[in-house]
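This report is a first guide to a structure with more than one part. Please look over the sequence and the structure before reading on.

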Amino acid sequence: MATILAVDDSKSMRQMVSFTLQSAGHTIVEAEDGQDALEKAQGGSFDLVLADVNMPRMDGLSLVRKLRELPSYKFIPILMLTTEAGTDKKGEGRNAGATGWIVKPFNPDQLLSTIQRVLA
Amino acid sequence: MSLDMSQFHQTFFDESFEGLDAMESGLLGLDPSAESVDPEVVNAIFRAAHSIKGGAGTFGFAEIGGFTHLLETLLEEMRSLKRRWSSEIVDVLLKGVDATRAMLEAATRNEPIPSPSDLEQRLQDILAHGTEAEAMPERQSSQPESDAADKGMTTWDIQFVPEPDVAQQGNDPLRILRALASLGNVTTHVDSVALKPLTEHDAETCPLGWDVQIETAASEADIRDIFAWVEDACSLQMTRRSTPSAPVAIAPAAADPASAASSPKEQGDKPASGPAPAAAAGPKPKKDSVSTSSIRVSVDKIDMLINLVGELVITQAMLQQRGAALDPVEHESVLTGLSQLDRNIRHLQEAVMSTRMLPVDFVFSRFPRLVRDTASGLGKQVKLITEGEGAELDKGVIEKIVDPLNHIVRNAIDHGVEMPADRKAAGKDATATVRLSAWHQGGNIVIEVADDGKGLDREKILAKARKNGVDIAEGAPDSEVFNLIFLPGLSTAEKVTGLSGRGVGMDVVKRNIQSLGGAVDVSSELGKGTRVTIRLPLTLAILDGMTVRVGDDIMVLPLASVVESMQVQPADLRSVGGERSLLKVREEFVPVIRMDEFFGYRGSTEADRNEASLVVVVEDDHEKVALVINELVGQQQVVVKNLETHYKPVPGIAGATILGDGRVSLIVDVGGLQRAARQRSRPIAA
């Protein structure tokens, strides 16, 4: 089972993601913004990073760019938690180095099946 | 997997209300007329709306999600500088915050969620007004054909050539092929012409391409979805075998309507995303660190804790009483333990009480909105300054101070602050300042509302007071004259407005503050401004009391109101006009209340009555009264229990407490007692 870094400034969203993934047997570390996530990523090793886009201090896109600069995160899947509204820019996410996205709102099943795609 | 989402609801509500507060204070702090608005402020407002929308959708509140989507869309346009800030936009967004709050409140109570349809319409109008058609690229638009024909098995030829550095986005072509294989029967052929000898191969790149033949029941959309994350990092050709139609090509970017449509949007975003990283690198907003080091606990739990500590204090007092009867030499260790217990309990009590303490910011934070709305409603310009928001006081006191404070601030703006033109004529800044400050002083907290308006007019107040039959000397000091505004029926405004000044106001404010054990005072200088000062105890739960015997019972007098106690002969008590006794205390006549008679205590014998009486002089709001009691018992801290919740309000009684020996004792409300005594004597006098 994988070790996953879940990054979102919304506590309820973090709780929901953690609970879902933990129920599926994964190990979750939560971070509440990009800066926090970067520090936690540098201090540990993760198989997958799930990151919100809009966050205080450091947003999700900057986080992806910073992570991709780190050798140990160069090929790790990083998924953005985005909304369909077009406000979270998928293209920009990919340019920054994100692997893919999960569109909010999502339910636990959607989350798990998407995660399976990159952890297979 | 089924998961009960409702377990996350409370967290979602809590953070959403916090988010709304953040939006509100951000919007209020924003100057729509300024040349440029701080992008980080706008970002923070946007983020809050965005989070609420995302959570609402996830946790099943579609109505809230739909409405906040409109707010978010408008904020996105503000954030990306597509639209200029105006007070109209700020206004609509503030209304949106209110509406969202109402929706969330309904949701917390499991009530049907109200639909703010008017506001929704207004938001849609504003959004439609925009110069840019809000093209929200829907992913579905790239798949116009219906998939109805795909019900049966279809065979597709897929040519997939990822860009060499595809793995550096974390996308592994092998995973994509595996996902494809999960949709049906797959035959794969690897195109390895670009593969170099091993010695020259760059392990970080992928020089391969694949031809895949898949027989599947899945729709075209499902297949495309597998490639969605790499669609502009690969070349992909899909051909349906059974139909002779031309291949549908997704070449990088150009053929993808979604990415084509989104490119002008990205350009529009650039100005906003430019300054943002710089701001993010700057100092952290001060509130962040506070929120992360706290946890949420329901008030019920804290109150239960306080109650339990209260019980503990009573048990401790009981033990202490028993302990006093023990021989100090024989039971030295027990007595040492008792005194240690006493100290520990006192610390515990202080620590537990402090958990109910909230910063005054809790109240102050709602004033920017109130000031803005009140001032704009009156056509005045007012700047609000708050100070000492960090000063803490009991949650119960904070909740009860909101209304009086509202009234005082509204009064200050309505009656104190002049119209901009008048201010300019008086040589003042057209924008008035209202200053809300709080600080600790002894065991009290002082809250002050100061304005730089026209001040109170001494002569007008005097005239009004006389008209109302208030007896006041011409040469009375200003402080005495100004405090007349707290009397019923004395409003200083010449005309009544919708906001304040129906003449009920300040006297009610004063009564409310007094019921909290506090005091209110006003000072003013004509032309310079008015200052209203409120003094409040830090907590309502613990009281320093003087215990006295009345008949067979023990009553508690708040120590703060006790002036002196003395023994008087029955002859010292003079009756005036037959109905109320007066006692001469140092050249001053003080009304007398016989506590046993007043509260109807039995057990006060004829002997008690004829004995030399013991009198405690207490004072409330500069008004003294002499209470006749039977015995002074002592001084102690008591835990105040509310009487109203268990019985009903009793005039002259503030609450009850449990004494060390387990007896219930009533706590006297001095102000209430005076009022009740006046009311009782009035019918006789009239």
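Which residue stands opposite B:Asn444 in S12(B)? The residue opposite B:Asn444 in that strand is B:Pro537.

## The model and its confidence

The structure is a predicted model. Its scores are ipTM 0.72 and pTM 0.46.

In chain B the average pLDDT is 77, and 82% of the residues score at least 70. The pLDDT is below 50 over residues 131-150 of chain B, a stretch that has 24 contacts in the model beyond near neighbours in sequence. Over residues 494-504 of chain B the pLDDT is also below 50, and that stretch has 21 contacts beyond near neighbours in sequence.

## The two chains

Five helices and five strands make up the elements of chain A. Read from the N terminus, their order is β-α-β-α-β-α-β-α-β-α. Chain A has 120 residues, and 53% of them count as buried. Of the contacts in chain A with a separation of 6 or more, 58% are between residues 24 or more positions apart.

Chain B has 22 helices and 23 strands. Its residues number 686, and buried residues make up 29% of them. For chain B, 69% of the contacts between residues at least 6 apart in sequence join residues at least 24 apart.

## Where the chains meet

## Nonpolar cores

The largest nonpolar core contains 63 residues. A:Leu5, A:Val7, A:Val49, A:Leu50 and A:Ala51 have the most contacts inside this core.

## Strand S12 of chain B and its partners

S12(B) covers residues 529-537, and it is largely enclosed by the rest of the structure because seven of its nine residues are buried. One of its partners is S10(B), residues 444-451, which pairs with S12(B) in the antiparallel sense over eight bridges.

S11(B) and S12(B) form a hairpin, and three residues lie between the two strands. In the turn, B:Gly527 has a positive phi of about 85°.

## A helix with a buried side

Which residues of H7 in chain B are buried? In this helix, residues 220-227, the buried ones include B:Ile223, B:Ile226 and B:Phe227. These residues are on the same side of H7(B), because they cover an arc of only 100° around the axis. An α-helix has 3.6 residues a turn, so residues three or four places apart point the same way. The cover over the buried residues of H7(B) includes strand S1 (154-162), H6 and strand S4 (234-240) of chain B.

## Two residues with positive phi

Most residues other than glycine have a negative phi. B:Leu81 has a positive phi, near 60°, and is a residue other than glycine. B:Leu81 lies in the loop between H3 and helix H4 (87-108) of chain B. With 17 other C-beta atoms within 10 Å, B:Leu81 is partly exposed.

B:Asn110 is another residue other than glycine with a positive phi, near 60°. The loop that holds B:Asn110 runs between H4 and helix H5 (117-129) of chain B. Is B:Asn110 buried or exposed? B:Asn110 is exposed, since 8 other C-beta atoms lie within 10 Å.

Notes: Residues are numbered from 1 along each chain as its sequence is written. Chains are lettered from A and ligands numbered from 1 in the order in which they are written. This is a predicted model: local features need pLDDT of at least 70, side-chain atom pairs count only at pLDDT 80 or more; totals for chains, interfaces and linings use all residues. A residue is buried if 20 or more other C-beta atoms lie within 10 Å of its own, exposed if 12 or fewer, and partly exposed in between; C-beta atoms are placed from the backbone. Helices (H or I, at least four residues) and strands (E, at least two) are DSSP runs, numbered from the N terminus. The arc is that of the directions from the helix axis to the C-beta atoms. Two residues are in contact if their C-beta atoms, placed from the backbone, lie within 7 Å. A nonpolar core is a set of buried Ala, Val, Leu, Ile, Met, Phe, Trp, Tyr and Cys residues joined through C-beta atoms within 7 Å. Two strands pair if DSSP finds at least two bridges between them. pLDDT is the predictor's confidence in each residue, from 0 to 100.
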